[in-house]
Amino acid sequence: MSKDFRATVSVDGLSHRVPPVRFARDVEVVDEEWIRFGLAGLIELPDEFYLRTLKGYDGDSSIEEIADLVRAYGQLCLDDFAEWDGGWMGNWEQRSIATEKRFDYKQKYKEGLMIPDTLLHLWEAQPHLDHFRFLRDAWIVASATGDLADWHRLFEGFPGASSLERTVSDWVNGLNKGLGVAAPRIDHPLAQEEGASLFGASCLQLYNHIVEQAQYKICANESCGQFFVRQQGRSGGAQRKSEGVKYCSSKCAKAQAQRELRRRRSVPASDSLIAEAQQEESQTMVMLALSGSREAQGLPSLGKMLRDVRIAQQRTDRDVRRQAGVPAPVLAAVEANDFDRYEGQSVHMVRWLEGLAKLYGMDSKEVVARYRADRIRAMVK
């Protein structure tokens, strides 16, 4: 972790315990834009909830998707935006309209709906999900590079994008705002805890990884590829390993082992497959030569070429993640031409590059060959 990022930890120097979350009952969608629910005690969040579960949610999530999230894990956020400081990443128009809609809704349905925690508007939920995605993905980039410059580049060329200093300020202020659940407090077994929201508890999980200087890994299971810190074990999820692991869970490790076993037992490749592999190798060597000449001529790198195409097509990191399946931290590394950041993930990198090429309308074979050629040339050097 860069020395520029400093964390205030608890008095014993350890990370904070993540409090339980307010569980929701009788969750239902009302008028196509409201989620109504009651509170029913507290539940513990799974470890690395913000990495494993929230990865698929953001400001594009539908009211039904958000309702399912609340139904499964509990109250998403406080209705008064007390935990959220959106900065330029947030949609302030949505916030103001949501506040007005809440007042109008209460006037319309006075009976039993005056308790704020029983209502959640779509435009209260979406900004929290979008802003937490910003906090989470930006830190994964910062933990690898020491700063947020690569992350900020994803917004250059788009209306509303600000300076790097503003991006860092929004990140710091946004996370600190969500860390109200980590304020100094006294707990006792006989005193019932107030409980946290999913947003606040997720901010605290992220904070703990920052304090621990946790190393983010990508699951080596070819069908997974998600970020994780500790591998989930078999014994009821109680085992946690962070050193020498390649998979996010024992389930992924077993699935990949079975996949590789099936490959070893498969019928030897036919002459046509062998010829195809030889042709691909030949194309790679051609691209290697072309890559060297491109560098000599000062032509753009693969990362810069992909970034220029994305900006020209006015695609955001959210578009890329949703339509091509490429996480924002990976996109930042690719566009910075920093493929070493995810060294050992060539299988996933090829899949990500193919997804980018398809989304941008480019030749995926040429993009992948260029990547492989650059990697070969780097090893030769």
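V350 is a buried residue, with a relative accessible area of 14%, where buried means under 20% relative accessible area, exposed over 50% and partly exposed in between, for a 1.4 Å probe and protein chains only. V350 lies in helix α13, residues 346–360; helices (H or I, at least four residues) and strands (E, at least two) are DSSP runs numbered from the N terminus. The model is predicted: local features need pLDDT of at least 70 and side-chain atom pairs count only at pLDDT 80 or more, while totals for chains, interfaces and linings use all residues. Residues are numbered from 1 along each chain as its sequence is written, and side-chain values use heavy atoms, with hydrogens and water left out.

**Surroundings of V350**

- Leaving aside residues up to four places away in sequence, V350 touches V368, Y371 and R372; a contact means heavy atoms within 4.5 Å.
- The C-alpha atoms of V350 and S364 are separated by 9.4 Å, and the two residues are 14 residues apart along the chain.

**Overall organisation**

- The protein contains 14 helices and seven strands.
- Of the 381 residues in the protein, 47% are buried.
- Among contacts with a separation of 6 or more, 70% are between residues 24 or more positions apart.
- The protein exposes about 19500 Å², of which carbon and sulfur atoms supply 51%; accessible areas come from the Shrake-Rupley method with a 1.4 Å probe, and for residues only the protein chains shown count as cover.

**Nonpolar cores**

- In soluble globular proteins, nonpolar side chains tend to be buried together.
- The largest nonpolar core has 81 residues, and those with the most contacts inside it are L76, W171 and L353. A nonpolar core is a set of buried Ala, Val, Leu, Ile, Met, Phe, Trp, Tyr and Cys residues joined through side-chain atoms within 4.5 Å.
- Helix α4 (residues 122–145) supplies the largest share of this core, eleven residues.
- A second, separate core has six residues, including F228, Y247, C248 and C252.
- W171 counts as buried, at 4% relative accessibility. Not counting residues up to four places away in sequence, W171 touches F5, F134, L135, A138, W139, L148 and I210.

**Aromatic pairs**

- The structure holds nine aromatic pairs. Rings of Phe, Tyr and Trp (its six-membered ring) pair if their centres lie within 6.5 Å; planes under 30 degrees apart count as stacked, over 60 as edge-to-face and the rest as tilted.
- F134 and W151 form a tilted pair, with 5.9 Å centre to centre and 45° between the planes. F134 lies in helix α4 and W151 in helix α5 (residues 149–153), so this pair ties together parts that are 17 residues apart in sequence.
- F134 is buried at 0% relative accessibility, and W151 is buried with a relative accessible area of 0%.
- The ring centres of W139 and W171 are 5.6 Å apart and the planes stand at 20°, so this pair is stacked. The pair links distant parts of the chain, with W139 in helix α4 and W171 in helix α6 (residues 164–178), 32 residues apart.
- W139 is buried, with a relative accessible area of 2%.
- Y50, F132 and F199 form one aromatic cluster.

**Cysteines**

- The structure holds zero disulfides, a disulfide being a pair of cysteine sulfur atoms within 2.5 Å.
- C224 is in no disulfide, and the nearest cysteine sulfur, that of C219, is 3.8 Å away.
- C224 is partly exposed, with a relative accessible area of 24%, whereas C77 is buried, with a relative accessible area of 4%.

**Helix α12**

- Helix α12 (residues 328–335) is mostly covered, with eight of its eight residues buried.
- The buried residues of α12 include both A328 and E335.
- Just after α12, N337 takes a positive phi of about 60°.

**Q256 in helix α8**

- Q256 lies in helix α8 (residues 250–265) and is buried, with a relative accessible area of 2%.
- The side chain of Q256 makes a polar contact with the side chain of R259, at 2.4 Å. A polar contact is a pair of N or O atoms within 3.5 Å; within protein, one must be able to donate a hydrogen and the other to accept it, and residues adjacent in sequence count only if both atoms are side-chain atoms.
- Apart from residues up to four places away in sequence, Q256 touches A220, N221, E222, Y247 and R263.
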